[in-house]
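Good morning, and thank you for coming.

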There are 2 protein chains.
Amino acid sequence: MPPSIQDVADRANVSISTVSRVLNGRNVVNEHTRKRVESAIKDLGYSPNVFARGLMLRRSHILGLVLPDLHGEFYSEIIRGANMRARELGYKLMISSVVAKDDGSELMATVADHGVVDGLAVMISEVNARTRASLEKVKIPLVVLDGDIGGVRHDSVVIDQKMGAVALLRHLVNDCGYRRIAFVGGLVTNIDTIERLSAYRAVMEEAGLEVAAGDIHHLDYQYDTAYELGVRRVREWSRRRSAVFAANDEMAAGIIDAALAAGLSVPDDLAVVGFDDTRIATMTRPRLTTVRVPMSSMGAAAVDLICQRLENPKRPASKLILQSELVVRESCGCPSANGRS
Amino acid sequence: MPPSIQDVADRANVSISTVSRVLNGRNVVNEHTRKRVESAIKDLGYSPNVFARGLMLRRSHILGLVLPDLHGEFYSEIIRGANMRARELGYKLMISSVVAKDDGSELMATVADHGVVDGLAVMISEVNARTRASLEKVKIPLVVLDGDIGGVRHDSVVIDQKMGAVALLRHLVNDCGYRRIAFVGGLVTNIDTIERLSAYRAVMEEAGLEVAAGDIHHLDYQYDTAYELGVRRVREWSRRRSAVFAANDEMAAGIIDAALAAGLSVPDDLAVVGFDDTRIATMTRPRLTTVRVPMSSMGAAAVDLICQRLENPKRPASKLILQSELVVRESCGCPSANGRS
DNA sequence: TAGTGCATTGAAAGCGCTATCAAACGACGC
DNA sequence: GCGTCGTTTGATAGCGCTTTCAATGCACTA
């Protein structure tokens with residue numbers, strides 16, 4: 001049984017009220033008494049019981065983070081970012097992954113109802129009526145990550161992929177001078193693919209460039225399928241002096257490897273650019289020109305927003321837009337590429 | 001203010017004791033009364049206050065997971081595994097990353113003293129006196145991940161890398177017939193490098209093969225440095241018909257790319273194998289023969305052990321050894337490689 | 001009718017903390 | 001000497017829950 005506030009009080013010959021005052025530092029305590037209490041605390045190795053405290057204050061200093069069952073870098077980067085900031089602000093982080101098929105409502109209900117967390121950051125892969133309904137039920141500060149739920153009053157953090165995608169494509173068109181660009185994305189329904197594709201169309205139109213029917217491919221974000229597509233297409237692409245805009249780094253890597261396997265040079269025969277700036281981007285040869293998506297910043301920002309709302313519940317709901325950033329490496333064949341990055 | 005047990009009691013016209021009995025299901029409650037209470041609970045959307053409950057039961061059903069500030073796959077895989085199992089067992093997971101330089105004691109103290117968590121899984125990158133001392137202080141069920149702290153009574157989960165490494169090297173020697181194998185590891189002080197190197201030496205000796213002075217290289221687990229080493233060495237290696245055992249997949253990828261860049265064929269001119277079976281392993285061309293390290297199982301096992309001890313505190317400390325597993329793909333040049341995996 | 005046993009329920013005592021209110025005390029001006 | 005004030009402290013009422021113990025009601029036996 002760990003020491004309680006009563007034990008400290010006894011040892012310091014004061015009442016528990018005084019100990020509490022010393023602990024919370026709000027009220028004035030005589031210098032001499034404080035010293036006595038503090039040394040009693042240290043002697044006993046006392047630290048206040050979180051449950052008792054939470055029961056009174058209705059604060060746990062724990063934040064919940066609800067994520068879809070992501071693999072890989074995104075998952076860990078969000079957690080890392082959130083965790084770091086939470087630590088800085090004196091909070092702990094409770095993580096819950098939702099299984100892929102679940103819409104998140106079940107788990108979010110659990111977490112929120114459970115009543116342990118002071119605030120909640122939620123990332124939902126699939127927005128639907130049930131999701132929305134369960135979000136409405138949350139009565140603690142809530143931040144939605146990377147997904148826009150219309151009509152609900154809560155803070156959100158999104159990443160503006162479009163800006164980065166536009167910058168990337170303008171770079172291909174204006175700086176590198178490509179006239180034909182193929183797009184390789186994920187499923188047509190995928191939100192990221194939609195964003196990136198729309199940037200692609202916009203820039204192509206803006207530059208007055210043609211988008212042929214066969215220039216847009218919908219795959220599954222995997223290396224292998226992109227490699228297979230590459231095997232079939234790289235010769236044709238290189239004959240047309242194309243660039244390929246893959247909607248993530250993994251597919252870009254697959255296409256590069258397919259090109260290399262076909263005896264082509266990247267970027268001389270074919271330029272390939274990716275998206276996300278994951279670990280992979282610096283592992284391909286040539287290194288990938290891509291767009292950096294600030295995942296860990298998103299985690300950190302979510303924690304920030306929750307804490308701000310915790311301090312000031314009246315603050316109007318805000319939407320924080322994080323910019324994605326063009327990272328130029330060698331795979332675009334751009335002369336200004338700075339070798340390493 | 002969420003409804004309390006009193007609200008439920010009022011609505012069902014019973015005392016709070018009865019409501020509590022219904023909630024916990026330990027004591028017998030009249031069928032009819034139970035129905036009334038249950039519908040009152042549902043009507044009010046009541047769920048018990050965790051703090052009040054924790055205060056009585058001294059259980060939060062939250063487990064702590066303390067990890068070094070890892071990037072990438074390991075980090076997220078451990079969390080994923082732990083999280084899944086925790087969910088299955090009705091626990092929540094609280095994550096803390098420790099900054100790289102920290103020895104973990106500070107944070108562990110925070111988490112444990114704080115008193116929120118019922119149990120703790122800790123992964124320490126650096127074992128020293130301070131770490132050991134702070135581990136001793138933990139009074140709740142503790143599981144140490146992937147690190148052996150001598151003399152402390154607690155459960156631990158380790159991954160037997162050596163078995164996998166031995167299997168890998170025997171495969172190179174016995175099945176593929178390589179007589180010269182170079183080793184590319186991390187720093188000499190790195191625990192993983194030590195394990196993998198010792199497996200290397202053991203198998204080489206067992207097979208009566210020579211290890212030349214220049215056959216062992218200590219790098220930093222990075223792609224780039226491995227690539228550079230590769231650029232300098234691949235020709236020589238291939239002349240000797242060597243295989244290269246890289247102590248992780250990333251370095252293996254670097255060496256493969258260096259070999260390809262030098263116009264060599266992998267595995268025909270040079271075989272390269274890796275370790276860890278990360279995402280990278282299936283992204284290289286040829287795909288990597290490597291050793292799978294069950295990170296997510298480690299997370300799950302940690303949660304299991306904590307919960308077992310929670311149920312039965314008297315259980316003797318146990319050490320769970322997870323086996324690593326040889327994964328044969330194409331990069332070893334072994335005829336039995338099954339193309340895809 | 002009184003006594004016994006069982007099933008069901010309620011009253012009340014904490015768990016360890018914070019917060020409110022009142023008490024104690026010396027200093028001060030009148 | 002007496003009220004007034006400011007400083008410091010203690011007593012105590014909960015927060016929402018579990019748990020112990022006692023009370024109630026009823027069937028059954030003697």
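Which residue of chain B does the side chain of Asp224(A) meet in a salt bridge? The partner is Arg287(B), with 3.3 Å from N to O. A salt bridge here is a side-chain nitrogen of Lys or Arg within 4 Å of a carboxyl oxygen of Asp or Glu.

Before going further, a word on conventions. This is a predicted model, in which local features need pLDDT of at least 70 and side-chain atom pairs count only at pLDDT 80 or more, while totals for chains, interfaces and linings use all residues. Residues are numbered from 1 along each chain as its sequence is written, chains are lettered from A and ligands numbered from 1 in the order in which they are written, and side-chain values use heavy atoms, with hydrogens and water left out.

Let us stay with the two chains. Six salt bridges are found across the interface of chain B and chain A. The interface also has 10 residue pairs in polar contact, both residues at pLDDT 80 or more; a polar contact is a pair of N or O atoms within 3.5 Å, where within protein one must be able to donate a hydrogen and the other to accept it, and residues adjacent in sequence count only if both atoms are side-chain atoms. Among the elements that give two or more residues to the side of chain B that touches chain A are helix 4 (50-57), strand 2 (92-98) and helix 10 (223-239) of chain B. Helices (H or I, at least four residues) and strands (E, at least two) are DSSP runs, numbered from the N terminus. Helix 5 of chain B gives the largest share of that side, eight residues.

In total, 54 residues from chain B and 54 residues from chain A take part in the contact, contact meaning heavy atoms within 4.5 Å. Together the chains bury about 4800 Å², 56% of it on carbon and sulfur atoms. Buried area is the accessible area (1.4 Å probe) that two parts lose on being put together, summed over both. Of the area that chain B buries against chain A, Phe51(B), Lys92(B) and Met283(B) supply 16%, more than any other three residues.

Strands from both chains form an open sheet of 12 strands, in the order 11(A)-5(A)-4(A)-3(A)-1(A)-2(A)-2(B)-1(B)-3(B)-4(B)-5(B)-11(B), with mixed pairing. Two strands pair if DSSP finds at least two bridges between them. At the edges are strand 11 (319-323) of chain A and strand 11 (319-323) of chain B, each pairing on one side only. Within this sheet's chain A part, strand 1 (residues 62-68) and strand 3 (residues 119-123) of chain A pair in the parallel sense over four bridges, and Val66(A) stands opposite Val122(A).

Chain B also has an open sheet of four strands, ordered 7-6-8-9, with parallel pairing. Why do strand 7 (216-218) and strand 9 (271-273) of chain B each have one side left without a neighbour in the sheet? Both stand at the edges, each with a single partner strand, so one side has no neighbour. Strand 6 (residues 181-185) of chain B pairs with strand 7 of chain B over three bridges, and Gly185(B) stands opposite His218(B).

Lastly, the domains of chain A. Their bounds come from an automatic or database domain assignment: domain 1 (5-48), domain 2 (62-159 + 295-321) and domain 3 (161-293). Domain 2 and domain 3 of chain A bury about 500 Å² between them, with zero salt bridges.
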